[in-house]
Amino acid sequence: MKNIKIFSDGSSLGNPGAGGWGTLLKYNNQTKELSGSENNTTNNRMELLGVIKGLEALKEPCNVVVISDSTYVVKAINEWLKGWVIKGWKNSAKKDVKNTDLWKQYLEVSKSHNIKAFWVKGHAGHEENERCDILARTAAEQLQKQL
């Protein structure tokens, strides 16, 4: 299996508001940039959607390392997701899990891959994370101008 790195970031102007996501896929020395936007959304939704879009772009099963500055996304992938499914999409406080629609989408697009997620500090000079932040912010700002 190929070893792929997915760097991803999300942005929301207003939270909720115009949102954007930015993703980099890295394989060997190749990099592919992806980005998109949605209206009336949250930062967490955009953080997760960026990862989903990165996984959707893969054409075969891969070993994937997801790198994000979102503790929410990283902890959910590595720790919480299995428990949420077992508990019928309830969190440890027995409340409904937020963004269940996207988490179900994530489970679908991730099932053929081996995935590990790692957290990096945002806005701290991490080259790929900074690029994803620019892509996400630009997508959100472009959408906001259209509204």
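**The fold and its nonpolar core**

Guide: Read along the sequence, the protein chain runs β-β-β-α-β-α-α-β-α, which comes to 4 helices and 5 strands, where helices (H or I, at least four residues) and strands (E, at least two) are DSSP runs numbered from the N terminus. This is a predicted model, in which local features need pLDDT of at least 70 and side-chain atom pairs count only at pLDDT 80 or more, while totals for chains, interfaces and linings use all residues. Residues are numbered from 1 along each chain as its sequence is written, and side-chain values use heavy atoms, with hydrogens and water left out.

As for the overall dimensions, the C-alpha trace spans about 40 × 35 × 30 Å along its principal axes. The radius of gyration, taken over C-alpha atoms, is 15 Å, which agrees with the value near 15 Å for a compact globule of 147 residues; the globule rule is 2.2 Å times the number of residues to the power 0.38. Of the contacts (heavy atoms within 4.5 Å) with a separation of 6 or more, 65% are between residues 24 or more positions apart. Buried residues, meaning those under 20% relative accessible area with a 1.4 Å probe and protein chains only, make up 46% of the 147 residues.

Turning to the interior, a nonpolar core is a set of buried Ala, Val, Leu, Ile, Met, Phe, Trp, Tyr and Cys residues joined through side-chain atoms within 4.5 Å. The largest such core has 30 residues, and those with the most contacts inside it are Leu55, Leu58, Val64, Ile77, Trp84, Trp103 and Tyr106. At least two of its residues come from each of β1 (2-13), β2 (17-27), α1 (43-56), β4 (62-68), α2 (71-86), α3 (100-110) and β5 (114-119), with α2 giving the most, 7 residues. Apart from this core lies another, of 6 residues, among them Phe7, Ile67, Cys132 and Leu135.

Ser110 lies in helix α3 and counts as buried because its relative accessibility is 9%.

Technical notes:
Buried < 20%, exposed > 50% of the residue type's maximum accessible area, 1.4 Å probe, protein only.
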